[in-house]
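Please look at the sequence and the structure below.

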Amino acid sequence: MSHDDNPLDDPGADPFEIARTAAADLARLTGVDRHDIALTLGSGWGKAAELLGQTVATIPATEVTGFSRPALEGHVGTLRSILTPTGKRVLVIGARTHFYEGHGVRRVVHSVRTAAAAGATIMVLTNGAGGVNPSYTPGRPVLIRDHINLTAASPLEGATFVDLTDLYTPRLREIARTIDPTLDEGVYCQFRGPHYETPAEVRMAGIIGGDIVGMSTALEAIAAREAGMDVLGLSLITNLAAGIQTTPLSHDEVLEAGKAAEPVISRLLADVVEAL
Ligand code: HPA
């Protein structure tokens with residue numbers, strides 16, 4: 001675990017004010033005052049950034065207030081500002097803090113709040129995930145229709161009541177399906193991790209209505225909606241969830257499936273973002 005000073009760790013600090021400071025850092029370091037769309041890239045989705053348009057600036061996330069040092073050694077998280085052919089400003093977030101890192105929910109959703117403070121009105125969240133729905137196969141992208149938050153946490157603090165009826169914005173899902181009519185829609189279950197689920201937990205996820213299991217996205221989506229953003233979620237099925245596949249799960253397998261699917265799903269993601 002990294003030991004870094006982070007203003008978000010001060011319980012008396014206002015996370016929204018820190019996000020506004022971060023957005024100002026971002027504007028200064030990228031030279032881009034406002035962004036329209038923010039995109040968090042999960043396992044397998046990394047190549048989309050190159051296909052989106054012209055990279056105006058790439059900065060290490062650690063230069064921006066409140067961003068954490070990456071959990072994985074040797075991996076430097078970046079924030080990238082892209083100008084698309086139709087003139088959209090896209091902020092690509094290649095630095096995700098997971099809930100399982102144990103730094104608290106404020107750090108998990110800081111990139112989303114920073115994107116909102118930078119002007120973004122659409123938050124695109126992508127991830128690699130395990131397939132619970134028996135019709136899913138590794139390498140397949142799935143649109144997130146809804147989620148079940150099994151982390152027992154929330155990014156909302158105090159008596160902040162936010163409606164999540166249409167959390168994954170129907171209009172954006174429709175646009176994604178015009179780009180790829182074969183896209184299925186599924187319910188994403190966020191578990192805390194970092195262990196993979198047991199077969200019994202995966203069975204439970206299926207029984208309560210889940211199609212996909214993973215360790216990100218739901219908390220970020222809630223924070224995005226709190227900030228007034230529209231949300232689009234996409235999962236890459238990197239493996240069948242525990243007990244659905246008979247062999248043990250491994251992180252290498254997840255990464256490899258992500259790499260194999262990367263060219264296809266990155267093209268899809270770039271086309272979807274351009275159509276939003
Ligand atoms: N479970 C949870 N998270 C994951 C999985 C999984 O099977 N695959 C990739 N991320």
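## The ligand and its shell

Strand β5 gives the most to the shell around the ligand, with 3 residues. Strands here are DSSP runs of E with at least two residues, numbered from the N terminus. This is a predicted model, in which local features need pLDDT of at least 70, side-chain atom pairs count only at pLDDT 80 or more, and totals for chains, interfaces and linings use all residues. Residues are numbered from 1 along each chain as its sequence is written, and side-chain values use heavy atoms, with hydrogens and water left out.

β5 (122-131), β8 (212-214) and β9 each supply at least two residues of the shell. The residues around the ligand include G128, A129, Y196, M215 and V254; a residue counts as near when one of its heavy atoms lies within 4 Å. By type, the shell has 6 nonpolar, 5 polar and 1 charged residues. In this scheme, Ala, Val, Leu, Ile, Met, Phe, Trp, Tyr, Cys and Pro are nonpolar, Asp, Glu, Lys and Arg are charged, and the others, Gly among them, are polar.

The table gives polar contacts, here pairs of N or O atoms within 3.5 Å.

| Residue and atom | Distance to a ligand nitrogen atom |
|---|---|
| G130, polar backbone atom | 3.5 Å |
| E197, side-chain N or O atom | 2.8 Å |
| N239, side-chain N or O atom | 2.6 Å |

Taken alone the ligand exposes 260 Å², and the protein buries 95% of that. These areas come from the Shrake-Rupley method with a 1.4 Å probe.

L240 lies in β9 (residues 230-240). L240 and N133 are 107 residues apart in sequence, yet their C-alpha atoms are 8.6 Å apart in space.

Conventions. Helix = DSSP H or I, 4+ residues; strand = E, 2+ residues; numbered from the N terminus. Polar contact = N/O pair within 3.5 Å; in protein donor to acceptor, adjacent residues only side chain to side chain.
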